[in-house]
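Look over the model below before reading on.

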Amino acid sequence: MSFNEQFDQYGAWRREFALCLKRLAEWMKEQGLLNAAVEARMLKLESQVRSDKVMVAFVAEFSRGKSELINAIFFAGHGRRILPASAGRTTMCPTELGYDPDTAPCLRLLPIETRLQRQALAEWRLVPEKWLQVDLDVDNPAQLAAAFQKVAEVLHVPLEQARALGFWNDSSPENHPPVTADGRVEVPKWRHALVNIAHPLLRQGLVILDTPGLNAIGAEPELTVSLIPQAHAVVFILAADTGVTRSDLSIWREHLASGTKGSDNRLVVLNKIDTLWDALSTPEQVQAQIDRQRASLADILGLQRSRVLAVSAQKGLDAKVMHDDALLKASQLPALEVALAKVLMGQRQKILRAAVAASIQELKSEAARALTMRRRDQTEQMLELRGLRGKNSTVIRHMRKRIAHEQAEFSGSSARLHAVRSVHNTLLGDVVHLLGMPTLRAELARLTAALKQPGIKLRLKKTYGETFSSLRKALCQAQTITTDMQAMLDSAFRQLNAEFGFSLQAGRAPDMTQYEQDLELIERSHLQYLGLGNVMRLAQAGFSDRLVRALSSRLRMVFEPALGEVEQWSQSASVQLDAQIRERRQGFAKRLESIERIAQAASTLDERIAELNVQDMRLRALETTLGELTLQLLDVQPLPFAFPPFQNPAIDTAGAVLAELA
């Protein structure tokens with residue numbers, strides 16, 4: 001099964017999952033079980049499943065066949081090359097291929113001169129008028145290919161401008177770009193390219209990141225600090241005819257070995273194995289030579305051999321276009337597609353299922369608590385009405401007074417409830433202060449000042465370490481406060497449950513561990529810029545500005561979701577309390593109404609008891625339906641992506657939890 005077919009299956013799985021989630025939300029709304037907090041969580045989950053993006057980054061030095069590999073895997077159906085892939089430098093700027101239904105098919109190009117300004121790449125994305133837009137005709141492969149040639153465009157600029165743009169580093173002459181006879185330096189014309197086309201895979205959420213060579217990668221901090229580390233799969237391409245060069249090792253060690261989400265999402269591809277095909281050697285001898293290169297690469301890069309695959313992207317593309325099955329098999333491209341699909345979709349699916357499983361269980365518990373409250377109120381009414389059989393007006397009057405007294409006692413507890421809310425809001429305010437943007441900007445202020453100092457930054461690494469130490473401390477303090485919030489709510493809810501028969505449950509406080517890990521990942525991927533090799537770059541004000549802005553943008557992507565999760569958890573507890581208070585008040589009203597009806601006409605007593613029996617049966621049916629709908633969600637079958645060499649204990653544990661819930 002090809003990569004395209006497996007990704008189609010992944011898209012079908014997501015759509016089925018989202019549909020089941022939507023059915024649950026609609027049913028809960030019909031039954032009055034969907035309060036504001038629950039509805040917000042449901043909408044967030046549905047959006048997460050429907051619009052989930054999966055990014056695969058292709059990273060290589062120039063002339064390793066990277067763009068050709070992308071053509072072979074994703075665009076062979078067009079019957080020709082779409083991305084430029086010829087000898088020499090082709091992809092000169094980072095290129096993202098994705099799909100946005102609200103935007104017409106186009107290629108957008110950000111001029112390289114924007115590097116001389118303060119805005120980070122993420123900020124430039126919000127200023128579409130600064131990008132050159134080229135409309136695309138998705139039904140015309142020749143026009144697509146001609147338009148994509150623009151990513152290979154270059155400029156020839158004076159040496160000082162090349163240095164200011166970050167492409168000329170006096171301390172690394174081996175990485176200098178070509179220089180013309182008149183002393184001008186060749187640099188990319190564009191800083192970043194965004195391609196929006198309705199390719200079947202891109203429509204389903206796939207994002208392809210095509211990166212340029214080492215010099216261009218190092219000159220764009222946001223690429224290595226943000227985009228590559230966030231990729232769900234990273235494919236590092238080497239060439240069989242060159243072996244592992246010094247620049248290849250630099251890319252691996254500086255940008256991939258410790259700067260990605262983990263070893264589970266990396267594949268190394270030995271491309272151009274067709275250069276080893278020799279008419280004087282048997283196929284077995286050629287394959288033995290390929291296997292030796294794979295083993296050698298695995299040792300050099302410190303990877304398992306199963307993570308190093310050999311292909312011929314060119315022959316694979318030719319085979320697909322010409323429908324030559326024998327050539328396709330010889331290119332070994334299908335094996336790479338299978339491995340990539342299992343790494344990319346298999347792990348992403350497991351992570352997504354594990355992420356929503358806990359939320360689904362919380363939704364089920366919250367709805368079940370509301371149903372339990374209703375059944376409790378109905379049981380109280382039933383006992384009271386049965387106790388009225390054969391009783392006189394004095395007993396009815398006494399019962400009316402007792403209910404009114406309980407109602408007054410309940411209303412009198414408002415001061416205690418107000419105190420709980422007050423402490424809760426105070427603690428929440430402390431978390432907002434720790435994780436909010438003003439605090440983040442303040443923490444970055446020292447690092448920004450250190451980067452802006454003229455000349456060599458001698459204390460930069462120390463300031464950098466102190467900044468991240470403070471950020472980690474903020475996350476740890478937030479974890480401590482939310483744990484205290486949970487303990488306070490647990491205690492208060494236990495008292496309210498015992499006194500008023502509530503079924504309140506605070507839920508587990510958000511875990512900051514994942515955000516701490518993300519912070520560590522950012523620190524590692526950013527640390528590469530503080531070594532001796534980047535002394536000259538760091539002395540450039542423009543580069544330092546881009547570096548700190550890229551860092552700020554990436555940190556916001558950690559702290560904003562962390563704060564959002566805490567706020568959602570807090571709101572859930574508050575809304576849960578409001579809902580049960582409202583249910584209890586409605587219960588008092590119904591009990592008084594029943595007593596009044598019985599007092600007015602004793603003949604209605606049996607009718608009212610019968611009504612309550614019917615309502616009780618209906619509530620039991622609702623509980624059964626709730627269990628079936630949530631079980632249906634948890635039972636949406638995963639795709640068969642069992643790939644032992646890429647197993648992850650954390651993900652396997654999440655899968656076990658999911659199975660237990662089901």
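Start with the contacts along the chain. Of those in the protein chain with a separation of 6 or more, 82% join residues 24 or more positions apart. The model is a predicted one. Its protein chain holds 23 helices and 11 strands. Of the 662 residues, 51% are buried. The accessible surface of the chain is about 29,100 Å². Carbon and sulfur atoms supply 53% of that surface.

Now turn to one helix pair. Helix α3 spans residues 66-74, and helix α12 spans residues 313-322. Their axes lie 8 Å apart, and the two helices pack at an angle of about 30°. Angles under 35 degrees count as roughly parallel, and α3 and α12 are therefore roughly parallel to each other. The crossing of α3 past α12 is left-handed. On the α3 side, the contact is made by E68, L69, N71, A72 and I73. On the α12 side, A313, Q314, G316, L317 and K320 take part. By type, the residues of this contact comprise five nonpolar, three polar and two charged.

S331 belongs to helix α13, which covers residues 325-331. Is S331 buried or exposed? Its relative accessible area is 0%. Buried means under 20%, so S331 is buried.

Last, consider backbone angles. Most residues other than glycine have a negative phi. H323 is not a glycine, yet has a positive phi of about 55°. H323 sits in the loop between α12 and α13. With a relative accessible area of 68%, H323 is exposed; the cut-off for that class is over 50%.

K272 is the other case. Phi of K272 is near 65°, again a positive value in a residue other than glycine. K272 is found in the loop between β10 (266-271) and α11 (283-301).

Terms used:
Residues numbered from 1 in each chain as written. Predicted model: local features only at pLDDT ≥ 70, side-chain atom pairs only at ≥ 80, totals over all residues. Heavy atoms only, no water. Axes fitted to C-alpha atoms, helices over the stretch in contact; angles between N-to-C directions. Helix = DSSP H or I, 4+ residues; strand = E, 2+ residues; numbered from the N terminus. Parallel < 35°, antiparallel > 145°, perpendicular 65-115°, else oblique. Left-handed = near helix turned anticlockwise from the far one by under 90°. Contact = heavy atoms within 4.5 Å. Nonpolar A, V, L, I, M, F, W, Y, C, P; charged D, E, K, R; others polar. Buried < 20%, exposed > 50% of the residue type's maximum accessible area, 1.4 Å probe, protein only. Areas by Shrake-Rupley, 256 points an atom, 1.4 Å probe, with all protein chains shown as cover.
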